[in-house]
Each structure stands twice: as C-alpha cells, then as structure tokens.
Amino acid sequence: MVSFIISVAALVLGYLLYGKFVERIVGPDPDRKTPAVTKADGVDFIVMPSWKVFMIQFLNIAGTGPIFGAIMGAKFGPSCYLWIVLGCIFGGAVHDYMCGMLSLRNGGVGLPELVGKYLGKGTRNVMLVFSVLLLLLVGTVFVYSPAIILGDMTGGGNVSVAVWVVAIFIYYIIATLLPIDKIIGRIYPVFSVALLFMAAALLVCLVVKWPSIPELWDGLGGWSGKVALKDQPIFPCLFITIACGAVSGFHSTQSPLMARCLGNERLGRPVFYGAMITEGLVALIWAAVSSWFFFDGGAAQVGSDITASAPAVVTKVSRGWLGIFGGILALLGVVAAPITSGDTAFRSARLIIADAFHLDQHPMGRRLAIAVPMFVASAFLLWYNISNPDGFNVIWRYFGWSNQTLACFMLWTATAWLAGSRKGRWYLVTLLPALFMTSVCVTFILVDKTGFGLPAGLAPWIGLGAFAVSAGVFHALKGRTGKDPFQEYS
C-alpha cells in the first residue's frame, strides 16, 4: 500500500508541476477565439460549461479502459504502478493535452488533418484510414461486449443478446447523428460521476482495509517470485495491456471532440491534461484492488480465483466491498462505460471523414451520408465477431496494438510541431515518449503471436533498435517538418 499511496501523490504532483510546465511551453492565449466560437454550428461546435466538457472528456477517454486494463495489468506486479504514473504524467497526459491544443489552434480538426499538416500528406492519408478503422473496431467491440452482459442478465441465449445488440446499435446511430449537447452532453456527466464515485469508494476501502499487496521493492513482477503472467514479458506486453490510464492513442480521436466545445484556451490543461491524470488515478485504484485480488488472497475472499476475467473482478470486488450499491456501480462500469466509449468512437469517425472530404455537418443529410456506410461496415465486423468463436479476442488484440500505434502518430505530430516552431528547444517533452511508444509497438507486433511471433527473448534488443533507429531518423529530418503553430488551419 505504501507504493500505491506514493503513486497517487506522484500523479497529483505531476498535474500541478509537470502539467503547468507543459502548459507554459504551449502558451495558451485566453484572448484567442476558439473553434467553438468561430465555427459554431449547433451540432459539433458548441461552447459548453467547462465542468461538463471535463466530465465528457473524462468518460470519452476512460470508459472501461482504466478499469479493465489496470486489472489485467496488475498481473504483471507492481511494475503497473510505475507505468501508470510515469506513462500518465510524461506520456498520456502530454499526448492528450497536445492533441487538444493542436486541434484548438487548427480550427478543431481531427488527428488525420493534424498529422497531414505536420508530418505530410502521405502520412495523413495513412492515418485517415488507420484512425477510422480503429474507431470502427472500438465501436463494434463496445456493441458486442455490453450486449453479452445484458443478455446474460435478461435470460441469456442468442435471441436476448441479439435484441441488446440491435438496441445498442440504434442508440449509437442516434447519438452519432444528434447534436453533441442533446444526448452526450446530458448523460455523460451522470455516468462520469458514477465512475468517479465508485473509484473514490474503493479508495476509501483500500485505506481502511490496508491490504498487504506487493510493493515496488518486492520486485517489479510481484513478490517472492509469485508472478501471475510468466509467459508474457513486462516489455512490451505491460505497455500494450495498460493503455487507458497511461498512454492511449484512442484519446487523440476524442480530444478534438472537446476542442470543439471549449470557450477558452486556458481550459486546455484542466480538461485535457487533468482528465488524463484523473483517469490515471482511477487506473491506480483498480491496479491496487486487483493486486489484492491476485496476490493477497482477495479472489478467494470474494468467491473467485486468479483466472477471473476483468468484468468478473469488477463485479466480485464491487459487490464484496460495496454491497448492493457497489453491484449497481459495477453494472455502470461494465455496461454503461463501454457504451459511452462506443458512441463517441462512431461520432469521431464521422467527423474525421467529414474533415477529410470537407463536408459541412450541419445538414442532417450529410451526416447520414457518412454515418450509413460507416454503420454498415460496423455491422459486417459485428457479424464476424459473432459468427467466429474467437472473433472478439482477435479484434481486441489488434485493437490494443492499433491503439498504441495511434498514440505514436500523435506524439510524433506534436514533436514535429514543437521542433518546427519557436518553442523548438522543448521538443524533448514529446520526443522521448514518442520514441518509447514506437519501440513498444514495433517490438509487440514482432514478438506477439498476433504479429510475427519472433522469440520473446529478442524483445529488449528489438526495442532498443527501434528506439535508436527512430531517434536517428528524427534528427535526420528535424527542421524539414513543422510550421508556425500559431497559424490558423486553412
């Protein structure tokens, strides 16, 4: 528990100190009009209260990510604390803040357009396809997984699951098409409060119970040689397993949504950097709870075992520690949270496509022109997911790697922005996490069974090689990319 308390304090200090440092590098101008004002359309560009924007941003980037990822990551031992803290402060929060501020400075555009401006049109085209496919995967996965849970709760069987799939799919269509303040702006703050309340309640339980969980000085993989994942090396698997709560490329598709709703650039740090730090705190709490579950006999106490799935851990712990009310919160966590990530995934995909083809999204007809083919493609993925026994796992594994690869693109974009601007001497704040995440993604796809399946013993050497090559390429190209970061997007 000492390592956990230190980690919580480190995250808070990270926001207060490093977050302020990064903000000074960007230099937000409270007098500059934001896209929510200059492009107000009553659909996607709408000035909303800052507290509501924060709540929506938090739930957009969180969903079940900081819960499920932290639960699975806790099996790696106390190393998960280090990754959540260091990854969040120096990687994920910087990633989210830079993406949000770049979008603000460039008319509220999405990631592919930002990549195109700072890394070139060729990279933009790759990112356009890559990000839309990723968002379709996210939306599809978050139709199927909550539908299964709801189906089991309402009688089970394929018919019950199919009914819920249709119901969730219809909701996604409505939420994707309607103005952002009509559904998302009203229900997201409620779900955000529920998610935060559940985390706060578990934090109180941790402090009161003070379980005997592994500390950092007991060894990064656990204590006394008790390792739950002996067949998966910490590098690179931990850094793919825990994405939300540390670094997640999915966030770069969500930050522009809220960049279109901010009325002042000064709100960037509390909304973008602050929401990521909050997500890191949620991830830390669930990592500590899961450490008790996996390493300190917690599973047996709540009638389960170490092989329990992430949703099962949420349900068992919430009911065991928080009673009936905890069970309700668990339901919100494993059902409502993925649904609220799914609908914004589809919305982000619609806006990215609209940006690419310069389609005004105020007329409903133009929104439908993008949404209909998008949902048809998702329906096909959903059919594959259901008709193949291992369909969900296959889609989820590729989503994990794709998600972190997306983070690499955003971090490299921010690095090019800084290196090519009058703030160029500070490009290390994004270069170092960009290099690290590039080495993680290259190593994972080469050694994991979903990729090339090279021997796991090569992972450290592949990672070092990818890091060195990426650094060399960057320094060879430095000065040839990047434009004035204070120039409005045209």
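This is a predicted model: local features need pLDDT of at least 70, side-chain atom pairs count only at pLDDT 80 or more; totals for chains, interfaces and linings use all residues.

**Notes on the cavities**

1. The largest cavity has a volume of about 60 Å³. Its lining is formed by G110, L111, S252, T253, P256, L257, R260, S348, L351 and I352, and by class these residues divide into five nonpolar, four polar and one charged.

2. As for where that lining comes from, α11 (251-259) and α14 (310-357) each supply at least two residues to the largest cavity. Of the contributing elements, α11 gives the most to this lining, with four residues.

3. The second largest cavity has a volume of about 40 Å³, and the residues that line the second largest cavity are L59, F191, A194, L195, L332, G333, A336 and A337. Two or more of these residues come from each of α9 (184-209) and α14, and here α14 gives the most, with four residues.

4. In its composition by class, the lining of the second largest cavity has seven nonpolar residues, one polar residue and no charged residues, whereas the lining of the largest cavity includes one charged residue. A colleague comparing the two sites may also wish to note that α14 supplies at least two residues to the lining of the largest cavity and gives the most to the lining of the second largest cavity.

Definitions and conventions: Residues are numbered from 1 along each chain as its sequence is written. Side-chain values use heavy atoms; hydrogens and water are left out. On a 1 Å grid over the protein atoms alone, a cavity is a set of points where a 1.4 Å probe fits but cannot get out, and a pocket is an open set with protein on both sides within 12 Å along at least five of seven lines; lining residues have an atom within 4 Å of a point. Grid points are joined across faces, edges and corners, and a volume is the space filled by probe spheres set on the points. Ala, Val, Leu, Ile, Met, Phe, Trp, Tyr, Cys and Pro count as nonpolar, Asp, Glu, Lys and Arg as charged, and the others, Gly among them, as polar.
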